[in-house]
Amino acid sequence: MSTFELKTHQIGRTYSQPHFFILNKGQNSGKPLINPCPNCFVVTVPTEEEKNTLYHLSMMLQIGGFYAYHLKGSVIPFISIDDCRNTLKDGYTSLLNESKELQKHISIVSAISRKEAELQKVISKMADLKVSYIQSLFSNKQNRATKGNKNQINLLA
């Protein structure tokens, strides 16, 4: 069984053990992070393999809405450290007996996430292309209009 430690991250603190962070405020509470932010927990584990397993498990729990069930607060929702710890622990123990299955699920979700990131890049580039095309279209029309106005001024003089 995985032995992980979940604590509130203190800004500026570094960790020697393998670790990742979990966002604890906002609608994305429970989202695992590689880099820390002011409102996050830190999960430390003994091995890099356990870190990867728990990181992806946390991602699956966040995407599945399992952390959202525990959100508190009306203005800025947040998840408590105990609810986060218990959700992560329950998710891990429910899939513990199926270790090979868990790794299979993690690899599938990772592949989907990679493909999603690739498609997001393509969508971003398409949006940039659309903006560039529209800007060039209007700059060409403005250049033609400016040249037409200069010809009219020359005729009047």
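Me: How many Å² does the accessible surface of the protein chain come to, and what percentage of it belongs to carbon and sulfur atoms?

Reply: Accessible areas come from the Shrake-Rupley method with a 1.4 Å probe, and for residues only the protein chains shown count as cover. Here the surface comes to about 10,900 Å², and 56% of it belongs to carbon and sulfur atoms. This is a predicted model, in which local features need pLDDT of at least 70 and side-chain atom pairs count only at pLDDT 80 or more, while totals for chains, interfaces and linings use all residues. Residues are numbered from 1 along each chain as its sequence is written, and side-chain values use heavy atoms, with hydrogens and water left out.

Me: What pattern does the protein chain follow when read along the sequence?

Reply: Helices (H or I, at least four residues) and strands (E, at least two) are DSSP runs numbered from the N terminus. The protein chain has three helices and four strands, and along the sequence they follow the pattern β-β-β-β-α-α-α.

Me: Which residues have the most contacts inside the largest nonpolar core?

Reply: In soluble globular proteins, nonpolar side chains tend to be buried together. A nonpolar core is a set of buried Ala, Val, Leu, Ile, Met, Phe, Trp, Tyr and Cys residues joined through side-chain atoms within 4.5 Å, where buried means under 20% relative accessible area, exposed over 50% and partly exposed in between (1.4 Å probe, protein chains only). The largest one here has 20 residues, and Ile 22, Val 43, Leu 54 and Leu 88 have the most contacts inside it. Two or more residues each come from strands S2 (19-23) and S4 (40-44) and from helices H1 (48-63), H2 (81-96) and H3 (99-156), with H1 giving the most, six residues. A second, separate core of six residues includes Phe 21, Leu 33, Cys 40 and Val 42.

Me: At what angle do H1 and H2 pack?

Reply: Axes are lines fitted to C-alpha atoms, for helices over the stretch in contact, and angles run from 0 to 180 degrees between N-to-C directions. H1 and H2 pack at about 105 degrees, with their axes 10 Å apart. Angles under 35 degrees count as roughly parallel, over 145 as roughly antiparallel, 65 to 115 as roughly perpendicular and the rest as oblique, and H1 and H2 are therefore roughly perpendicular to each other.

Me: Is Ser 58 buried or exposed?

Reply: Ser 58, which lies in helix H1, counts as buried because its relative accessibility is 0%. Contact means heavy atoms within 4.5 Å, and, leaving aside neighbours within four places in sequence, Ser 58 is in contact with Phe 20, Ile 22, Gly 30, Pro 32, Tyr 67 and Leu 88.
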